[in-house]
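Reader: I'd like to talk through the charged pairs here and hear the reasoning behind each label. Could you take me through it?

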Amino acid sequence: MFSNSKKSDRIYVTGHINPDTDSIAAAVGYAWLLAERDGLNTVASRAGAINRQTAYVLKKLELDPPSLITDASPRFEYVMRRFDVVTPDRPLNEAWAILSRTGGLAPVVNPDGTPFGMVTGKSLFDFLRKVMGPHPKYQDMTISALFDIPCREAADVDIPRFQPGTRIKDVLNRLLRAEQNEYWVVDEHKRYLGVVRQSDLLNPPRMKVILVDHNEPQQAIASLEDADLLEILDHHRLGNLPTHNPIKFTVDIVGSTSSLVSEKMEESGFSAPPKIAGLLLAGLLSDTLIFHSPTTTDRDRLAAERLARWAFVPGSPLEDETIQSYGDKVVQAGAGLMTQEPEVIVNADMKVYETAGLKFAIAQAETSDIHEIGEFVGKLSAALKDLAAQKGLDFAGLMVTDIVNGSSRLIFVNPPPALEDLPFTPLPDGTLLADGVVSRKKQLLPAVLSLIEE
């Protein structure tokens, strides 16, 4: 467990919920650059489950997934202190020695690691009052004899226990009404991890966060308002995310955030390690559909060449690859619908938007054979209806993109009347054929917004 100072100095670099490969790659790559260039205590993190494509890339590159952070609200582990402990049968003088060093408390822990109680100034006074009051013979007891009494006799055993991941704001009001001023922090086996004082809970350190590959509140980790947002690095439309203080904000017109990260590396005179370069290249090739997406720019092609130069080196897991061969494998790893559950498909790469009084989601899935959607339409529509109900959406859509032929089939549930004017071809199964449309960000979303914002 890290000390409080190191914990509060950490900066979490994280992508959007339902992360795609570009989101994961940008978080890992940018966290590495900030640590190398600026000496920051950065931690690459993710806001959701790893999808099939990203899992394939991480396995191929022999990289672990970033840590999972879904909520930015301060937790008990942020203010926990791991004080020295004493066992219940040890003499009270050992607890006194700890108490004098910690500023008023000594944790008493059983031999099996579970908490027994705490010796505090109050518990010690209560013990003396209880023992010496009704027993005159104890009134002549010497201090040394008193300190020979086992710690268990003077410990307060009625101390609440919390997991390190417990959100402080969920229990603060209840704790402020309680009599205790100290609380246990225990692991999943109920073993001692540390102690938290009530005073520490009143003003906990805020999590420091850098967002990559998104800037809209609906796509960010929960309770972001409880964190200190330091920076945003993105390539999407502006989403008016509020901040407490001025921040560094970069939104640029490229096909992937991985491209932006690689540019910053080159500008700083660094080259990414081969595995991180390979991850960034996968994010770039995935987001641009190997340069076939209309979001692709010349900067993305230059970034791909740069990342390939760093990644395809002797000894690297990608030493025998080319940009095209690697891109084919990355894209194919995310394609294929029939092997996935409908609920997984509509949630894997789904983004929520709010505009013109409407809240809606558009998911995207990739396939190498658009015809495989076939009888799957009904199940996908049902999954979209469940998604809309669970998230309180006005409507939801799924964009199934054919990565081979460069077109998409669109499925909408509960669409507003305005979407009847979408410039796509209606098909007998209720889907829309969007020929030449492969980008949710640059092609589909602008068409949807232009109609519902009129």
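Reader: What makes E266 and R306 a salt bridge?

Author: Happy to explain, keeping in mind that this is a predicted model. The closest N and O atoms of E266 and R306 are 3.1 Å apart. The cut-off is within 4 Å, so the pair counts as a salt bridge.

Reader: Why do you say that this pair ties together parts that are apart in sequence?

Author: E266 belongs to helix α10 and R306 to helix α12, so the bridge connects parts 40 residues apart in sequence.

Reader: Which residues form salt bridges with R299?

Author: One is D252, with the closest N and O atoms 2.9 Å apart. D252 sits in the loop between β11 (248-251) and α10 (257-267), and R299 in helix α12 (residues 298-311), so this bridge ties together parts 47 residues apart. Another partner is E263, at 2.8 Å from N to O. That pair links helix α10 with helix α12 across 36 residues.

Reader: How do you know whether E263 and R299 are buried or partly exposed?

Author: E263 has a relative accessible area of 13%, under the 20% limit, so E263 is buried.

Reader: How many salt bridges are found in the whole structure?

Author: The search finds 21.

Definitions and conventions
Residues are numbered from 1 along each chain as its sequence is written. This is a predicted model: local features need pLDDT of at least 70, side-chain atom pairs count only at pLDDT 80 or more; totals for chains, interfaces and linings use all residues. Side-chain values use heavy atoms; hydrogens and water are left out. A salt bridge is a side-chain nitrogen of Lys or Arg within 4 Å of a carboxyl oxygen of Asp or Glu. Helices (H or I, at least four residues) and strands (E, at least two) are DSSP runs, numbered from the N terminus. Buried means under 20% relative accessible area, exposed over 50%, partly exposed in between (1.4 Å probe, protein chains only).
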